[in-house]
Amino acid sequence: MTLTSLADLSDSQKQELVASLSSIVAGNSGKDVTAESLAAIADASGNKLSGAWAALFADVVTKAKGLDNFCAAPGSGGGGGASSGGEAAAVAVVEEEPEEEEADMGGGTDMFGGDEGGGDY
């Protein structure tokens, strides 16, 4: 989708854009990213930011432990799964499947119609 005018955005899209850009400005300031700081940045830019969007983005940046983790560098891939519990690593439980054994059916013919094991191949 090519955006040619901010007027083309829905109210929700405008709020998300203002919240995103305010998060970048607040995160680059070196201070804590709070809902109040995001709303103040939006107001200073001539925009309005709802408290819900400000709180959401402030919470996400804080949980990401800063703007660098919130906004991944280009080419760094998609976001990884978040882990809860601080330094406790989640351990995946993997059940091993029992190995299947080949049953010797005995007798039979090979794929060329001869007896098994016989022939010059």
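Helices here are DSSP runs of H or I with at least four residues, numbered from the N terminus. The model shown in every view is predicted.

**View 1. The overall arrangement consists of four helices and zero strands.**
Read from the N terminus on, the elements of the protein follow the order α-α-α-α. The protein has 121 residues, and 15% of them count as buried. Two others are α3, residues 51-63, and α4, residues 67-70.

**View 2. The second largest pocket takes most from α1 among the contributors to its lining.**
The volume of the second largest pocket is about 220 Å³. Its lining is made of 15 residues. Those nearest the centre of the pocket are Lys14, Leu17, Val18, Ser45 and Asn47. Helix α1 supplies seven residues, the largest share of the lining.

With a relative accessible area of 33%, Ile24 is partly exposed.

**View 3. A salt bridge joins the side chains of Lys48 and Asp43.**
Side chains of opposite charge can pair when their charged atoms come close. In the pair shown, the distance from N to O is 3.8 Å. That distance falls within the cut-off of 4 Å used for a salt bridge. Lys48 has a relative accessible area of 65% and is therefore exposed. Asp43 has 44%, so it is partly exposed. The whole structure holds two salt bridges; the other is the topic of the next view.

**View 4. Lys63 and Asp59 form a salt bridge within helix α3.**
The closest N and O atoms of the two residues are 3.5 Å apart. Lys63 and Asp59 stand four residues apart in helix α3, so about one helical turn separates them. The relative accessible area of Lys63 is 64%, which means that Lys63 is exposed. Asp59 is partly exposed, at 36% relative accessibility. The surroundings of Asp59 also include Thr34, which is 25 residues away along the chain; the C-alpha atoms of Asp59 and Thr34 are separated by 7.6 Å.

**View 5. Lys65 has a positive phi.**
Most residues other than glycine have a negative phi. Lys65 is not a glycine, yet its phi is about 65°. Its position is the loop between α3 and α4. Lys65 counts as exposed, since its relative accessibility is 73% and the cut-off for exposed is over 50%.

**View 6. Gly51 and Leu38 are 13 residues apart along the chain.**
Between the C-alpha atoms of Gly51 and Leu38 the separation is 9.3 Å. Gly51 is part of helix α3. At a relative accessibility of 51%, Gly51 counts as exposed.

**View 7. Ser12 and Ser50 are 38 residues apart in sequence.**
In space, the distance between Ser12 and Ser50 is 10.0 Å from C-alpha to C-alpha. Helix α1 contains Ser12. The relative accessible area of Ser12 is 41%, so Ser12 is partly exposed.

Note on methods: Residues are numbered from 1 along each chain as its sequence is written. This is a predicted model: local features need pLDDT of at least 70, side-chain atom pairs count only at pLDDT 80 or more; totals for chains, interfaces and linings use all residues. Side-chain values use heavy atoms; hydrogens and water are left out. Buried means under 20% relative accessible area, exposed over 50%, partly exposed in between (1.4 Å probe, protein chains only). On a 1 Å grid over the protein atoms alone, a cavity is a set of points where a 1.4 Å probe fits but cannot get out, and a pocket is an open set with protein on both sides within 12 Å along at least five of seven lines; lining residues have an atom within 4 Å of a point. Grid points are joined across faces, edges and corners, and a volume is the space filled by probe spheres set on the points.
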